[in-house]
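This report goes through a few local features of one structure. The sequence and the model come first, and the notes follow.

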Amino acid sequence: MAVIGVVENYTGLERVKHVGAMTLAAVLLGGNIVLSKVAADDGMTMRVMVAYRWIFATAFLGPIAIIVEWNKRPKLTWTVIVQAFLSGLLGGSLFSILFYTSVIMASATFATAIYNLIPAMTFVLAVLLRFENLSFDKVSGKAKVMGTIICVGGAMVLTLYKGVEVHMWPIKIDLLHHANEATAHKELLALGIVLAVTSCICYSLWIVLLAKVSKNYPCHYSSTAMMSVMGSIQSVIFALCFDRQVSQWRLGWDRRLFVVLYLGILGSGIVVILMTWCSQKRGPLFVSVFNPLILLFVALASSLLLDETLYLGSILGGFLIIMGLYVVLWGKGKDMKASKIILSNKEASQKNDLEAPEDQEIVKVDENGKEAEMKWEENQTVREREHKGGQK
């Protein structure tokens, strides 16, 4: 996500607004994960749910993009359309289907903990695709490598170590109609892990692609709306390949309708607006710092509302992933500061280079002017002498 005019001096009220906006975005994203499990419990397939999510997101974001970026959008090219298609696939339809399916097969807390691996995975993919240098000789490079290793270690603890049960609430409110069978959970856990990691890889590829999209089409709301359109088309086609019964697509005045409206409008549309605003004001690093809040909210909500059992291994693994995440973000922050310094020095040198020729040109003009004046005076003196000689 491109940073536009990031300013570092803010009043206390502005800081509170930024933190409040990102806290709200984290809670809304956590609500996506919790409510997806409620919709699945009601018999709604994840494929249909994802299709409705992107349909409602498109209906919400489309008019906003038209109004906010009216007469600002550059020409639409085939390159932009292909990039929007890939964005809709990697960051939209495919990611959503894989991730929400992993929520059902594993658990909401587990899938959300794996979600925090995305910054580390993005760093690894960016290095492999040569979009970013490893820079292991720098402190920032070492921090990113170390943070990635800590994240991977946390994911392994989360996967391999269970530990004792942790009871957080004296009472529980179970929103699910059907209890999860332990045997089925154990059988599907391995597949859920694979789907969660694959979804994070897709999302990381989308983040790498986003830099290209922002460069070729710098209108964020319009590019997000195009991504939503592509995601809607892809999700609907994929869902119709498996879910052709009308009953699967029927929406009544029930919690299915509430879930898809929430996912499309609040969990996608409002979240995009909040994250875009905060990214423009404080930069993308500020937005990423709030990712662990999603895990905290989901862990609390799923243990209270979804009758999910929280284990010590999940807490330890989640803690390690969050610690590794902040180490990676610290390294990225050092790189961004260094890049800003280099950019400002380059702009200053270019400004000096541009001003220097102007000064030289002025000097040349002055010299030429003096030369012309001297020649005119010499010619005038010669004419006066000739005139006097003629009179004699």
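## A glycine in helix α13

G333 is buried, at 12% relative accessibility; buried means under 20% relative accessible area, exposed over 50%, and partly exposed in between, with a 1.4 Å probe and protein chains only. This glycine belongs to helix α13, residues 312–391. Helices are DSSP runs of H or I with at least four residues, numbered from the N terminus. Between the C-alpha atoms of G333 and F286 there are 9.5 Å, and the two residues are 47 apart along the chain.

## Basis of the model

The model is predicted: local features need pLDDT of at least 70, side-chain atom pairs count only at pLDDT 80 or more, and totals for chains, interfaces and linings use all residues. Residues are numbered from 1 along each chain as its sequence is written, and side-chain values use heavy atoms, leaving out hydrogens and water.

## Helix α6

Helix α6 covers residues 139–160. Its 22 residues should span 32 Å at 1.5 Å a residue, and the end C-alpha atoms are 31 Å apart, which agrees. The expected span is 1.5 Å times one less than the number of residues.

The buried residues of α6 include S140, G141, K144, C151 and L158. Down the helix axis, the buried residues of α6 fall within an arc of 160 degrees, so they line one face; the arc is that of the directions from the axis to the C-beta atoms. Exposed residues V139, I149 and L160 sit on the face turned away from the buried side.

## Nonpolar cores

A nonpolar core is a set of buried Ala, Val, Leu, Ile, Met, Phe, Trp, Tyr and Cys residues joined through side-chain atoms within 4.5 Å. The largest one has 58 residues, and M49, F99 and I114 touch the most other members. Another core lies apart from it and has eight residues, among them A25, C278, V287 and F290.

Contact means heavy atoms within 4.5 Å. Beyond its neighbours within four places in sequence, I114 is in contact with A155, L158, A196, V197 and C200.

S87 is in helix α3 and is buried, with a relative accessible area of 3%. Not counting residues up to four places away in sequence, S87 touches G92, W206, L209, V213 and M227.

N71 lies in the loop between α2 (46–68) and α3 (78–105). N71 is exposed, with a relative accessible area of 70%. The phi of N71 is near 65 degrees, a positive value in a residue other than glycine. Most residues other than glycine have a negative phi.

Conventions: Helix = DSSP H or I, 4+ residues; strand = E, 2+ residues; numbered from the N terminus.
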